[in-house]
Amino acid sequence: MTRVKNDDCDATTNGLSDECYKSWMMEHPSAITSFDQMVSKAKGKSIVVFLDYDGTLSPIVDDPDLAFMSDEMRSAVREIAKNFPTAIISGRSREKVYEFVQLTEVYYAGSHGMDIMGPPHQGHEVILFQPAKDFLPAIQKISNVLEEKTQKIEGALIEDNRFCISVHFRRVHEKVIKLQSS
Ligand SMILES: O=P(O)(O)OC[C@H]1O[C@H](O[C@H]2O[C@H](CO)[C@@H](O)[C@H](O)[C@H]2O)[C@H](O)[C@@H](O)[C@@H]1O
């Protein structure tokens, strides 16, 4: 198969082309289908596990407040964290992800990494990393503008993720989205 250079693979409104997607998959194969290769490459190396939350540990649902994780999934993550340092990275606020996950033994990176907290480790206190703290007033202003701009759009929802903001349009009718973008 011909490899397509990453520079030639910009995401378009239709997503990546088949060619680009296949090429990307060659470089980033599924851990499930390449499990043996992954294990052999990991030999002698330190392994750290990074997990996404929405759509990975929880199903995608219409209401972001109802994206609950199953007990089975929670147990699986707990088992992973017993064996490897484990982090959950999310666009959500760190507090919200913790509310869903409820595990003290993992690292949480909320707001796309702008709010990182590590578990207490070998007598040390929890690690907290919040590089965008000074920008909170500006982020709040942006949130207010977004609230104002979207309040008349039926189904639109603003989610305050502390160091970043999500504008949800999953429940906005397709016709309204087309109208707004034209
Ligand atoms: O980095 P992630 O943890 O994947 O966060 C990305 C966004 O996830 C959430 O939104 C997505 O899941 C919702 C619940 O299933 C769904 O309703 C929404 O349409 C998805 O985009 C979260 O609510 C956002 O704040 C995150 O940015």
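Helix 3 gives the largest share of the lining of the second largest pocket, four residues. Helices here are DSSP runs of H or I with at least four residues, and strands are E runs of at least two, numbered from the N terminus. This is a predicted model, where local features need pLDDT of at least 70 and side-chain atom pairs 80 or more, while totals for chains, interfaces and linings use all residues. Residues are numbered from 1 along each chain as its sequence is written, and side-chain values use heavy atoms, leaving out hydrogens and water.

Let's stay with that second pocket for a moment. It holds about 350 Å³ of space. A pocket is an open set of points on a 1 Å grid over the protein atoms alone, where a 1.4 Å probe fits, with protein on both sides within 12 Å along at least five of seven lines; lining residues have an atom within 4 Å of a point. Volume is the space filled by probe spheres set on the points, which are joined across faces, edges and corners. The second largest pocket has 15 lining residues, and Ala31, Met38, Val49, Phe50 and Leu51 lie nearest its centre. The lining divides into 15 nonpolar, no polar and no charged residues. Nonpolar covers Ala, Val, Leu, Ile, Met, Phe, Trp, Tyr, Cys and Pro; charged means Asp, Glu, Lys and Arg; the others, Gly among them, are polar.

Now for the largest pocket, with a volume of about 400 Å³. Among its 21 lining residues, Asp54, Arg92, Glu159, Ser166 and His168 are the closest to its centre. Its lining has eight nonpolar, six polar and seven charged residues. Strand 7 (residues 165–168) brings the largest share, three residues.
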